[in-house]
Structure formats: structure tokens, C-alpha cells
Amino acid sequence: MNPLPLTPLPSRGISPGKAILFGEHAVVYGEPAVVLSLDIYTTVEVHEATGGTDHRFQGDSGAWRRNPYLQEILGKGSSPPAGHLDVRVRSQIPPASGLGSSAALVAPLTAILRAREGPVDRGTLARESFLAERAAQGVGSPVDTTAVTAGGIVAVGPPGREGEDLWTIPAVEGKGPWTVRRVPDPGWTWVVGYTGVPKQTGRTVNRVRQRLQETDGPELLAAFGSLARAGEDALRRGDRDAVGQCMERNHALLVRLGVGHPRLDQLVGAVRPHVAGVKITGAGSGGSILALPRPGSELAAARAIARAGGLAFRVRPPPQGVRVEPLPR
Ligand code: MEV
């Protein structure tokens, strides 16, 4: 994949969001997942800070210390800045919505810092962004940071399946490695709906870990895995109905895992008449749903979510992931 070019400061990094189509939670334990990047964006601008004694974030000196991701990258990352930086972020991705807001901050900021020194290989960017996000959250898989770095649609999972390999993320603390493969985009429009209930990835992942220790845990994990493989195959065939059915089955598994929420149920119920399939996307227990509308029903699906009180986006996977471009000095 095309590397990011050498880009001195000041510069701007732009990242898409993401939605997990199949395999959230199970991917933490090495099962495969399929992830869409989304054409809703976070933009990060970095200037060298003149004067002052600390980095500035959103115009405030020292505010970066209250953001765990910035703390990780500016304070202890593998490429810490030499001087003080002025970091400004604006985003269309609601925070804590399950739509990749943290990956879409971490990956472009990491890319900006790296690209000051030379061209950045996307596999390296995905690995470093994953380590920064995981260090800040304390848990997690590389799916989010990989999806926003790669753009389009990717499958992330154990090595060995056929497809165009993009890169591998090495194992961390006994989890992984994860191989990343490109999945061709069938060109559909998707609809995501944010409940307005912020999800808490760390807490939910920890609750799921306990749930998986029950007797049906291994069977549940295996069911997620075979569903993700069947779903990926259906996506490669461009079979909308089969993808929708796999989404519905994935949703049922997530509910069994205990990551449902009454607001998620409301949005799922409201959108169902318009879709081939709908599911919780991401950590759950709040956050968002992902729906695959029937052809021509995209607007009706988005309206149904809005009428049920959700924040709806009609989205497509952009072919390009994170990019960095120079700003005028
Ligand atoms: C978060 O977007 C998805 C989870 O599978 C956690 C992870 O993979 O890091 C719940």
C-alpha cells in the first residue's frame, strides 16, 4: 500500500472512522473480524508551538495531559516530539460512539509525528497506532487502528486465509498475531446510528472476558469466528442478503455476550423494516448500530434511526485511509 510521504510541520492528518461488520470482541481473542472504514472524518493539525513551556491542545497549555491518547503519544510514544507542539483536533465522529473516534485521533497524530522524519509505511503506522491506543485503553485488538490506516474494508485475524495480505500485527501479551487482508468493497451504502449513550470499551471488554469464562464461552467464540468467515465470503460475492443474515446472527451473539442496551434495541427495531441486516457495532452496551439498507432504502433507514432518537450517518468506506498533508507555514 502507498506509504505516507515525508511531511514537515506544520501539517494536517485526516482519518476516516470505522464500523465493525463482523467479529467485535471475539477478535480480541484471535478470532477473525471484518471492518469498514467510514467517510466521516477526524482532522488533526499540528504546528510547532512558539513560546510557552508545554504542548497546547485545542488552544490550552497542558490540556493534553487530560487526554489518555495524547498523553501516550506526546508523553511516551516511540517518536516523542522534540519541541512543544500545538495540536488542534476537529471531528465528525462522536466520541465514545463505537465509530472509531480514538483510532481516528491516534493514527493521524502518530502519522504526523512519524512523517516529519521520513515516509511512513502503513503497516508500521498501524502497529504503532495500535500500541498507543492499547496502552491508553489498557485493552483491545488492532482492528480500529488498522481499519482507519488501511481505508476501504479489511479482514483482521489469524494468518492463513486467502486474500491480499496488507500487513501483520505482532502478538501482544499472548494475543495475536493478527494478519490484515484487503476485502474488495461491493460499493454499498451503509447506515450507522449512534444511540447517544457513550460506550466504555475498557469496561465492556473486561466484562466480556468474564462472560467468556462461562461454560459456553469457547462455543460462543467459535461461533463468532465462523460467522465472520461466512460473512467475509458473502461480502466478497457481493451477496447483500447473505451479508445481512450474517449481521443478524452476529447481533444475536453480541446480545448473548451481554453487550446489548435498551437504546440499541430501539434503534435496531426502528431500522429493521428498511434493511437486509442490522447489528450492534463495536464494544456495545451503548454506542452504535450498523445497518445494511435494502437498495434504495438508505434514506428511509437513516430517517427511521433519527425518528427513534439516534444520530444517523449514511456512510461508505473511503478507498483511502489516514493521510497527511502539509499546511502553509
Ligand atoms: C472496539 O471497537 C471493538 C472491540 O472488539 C474491542 C477491540 O477489538 O479492541 C470490542
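A: Happy to! The space that the ligand takes up is the largest cavity. Please keep in mind that this is a predicted model.

Let's start with the surroundings. The residues around the ligand are K18, I20, E24, H25, V27, V28, G140, S141, V143, D144, V205 and A283. Two elements, β1 (11-22) and α4 (143-150), each supply at least two residues of the shell.

In the side chain of S141, an N or O atom is 2.6 Å from a ligand oxygen. D144 takes part through its side chain, where a polar atom lies 3.0 Å from an oxygen of the ligand. As for cover, the ligand on its own has 300 Å² of accessible area, and the protein covers 97% of it.

One more item may interest you, this time from the structure as a whole: a search finds two aromatic pairs. F130 and W178 form an edge-to-face pair, with 5.6 Å from centre to centre and 75° between the planes. This pair links distant parts of the chain, since F130 belongs to helix α3 (residues 122-137) and W178 to strand β8 (residues 178-183), 48 residues apart.

Conventions:
Residues are numbered from 1 along each chain as its sequence is written. This is a predicted model: local features need pLDDT of at least 70, side-chain atom pairs count only at pLDDT 80 or more; totals for chains, interfaces and linings use all residues. Side-chain values use heavy atoms; hydrogens and water are left out. A residue is near a molecule or strand if one of its heavy atoms lies within 4 Å of it. A polar contact is a pair of N or O atoms within 3.5 Å; within protein, one must be able to donate a hydrogen and the other to accept it, and residues adjacent in sequence count only if both atoms are side-chain atoms. Accessible areas come from the Shrake-Rupley method with a 1.4 Å probe; for residues, only the protein chains shown count as cover. On a 1 Å grid over the protein atoms alone, a cavity is a set of points where a 1.4 Å probe fits but cannot get out, and a pocket is an open set with protein on both sides within 12 Å along at least five of seven lines; lining residues have an atom within 4 Å of a point. A molecule sits in a cavity or pocket if more than half of its atoms lie within 2 Å of its grid points. Helices (H or I, at least four residues) and strands (E, at least two) are DSSP runs, numbered from the N terminus. Rings of Phe, Tyr and Trp (its six-membered ring) pair if their centres lie within 6.5 Å; planes under 30 degrees apart count as stacked, over 60 as edge-to-face and the rest as tilted.
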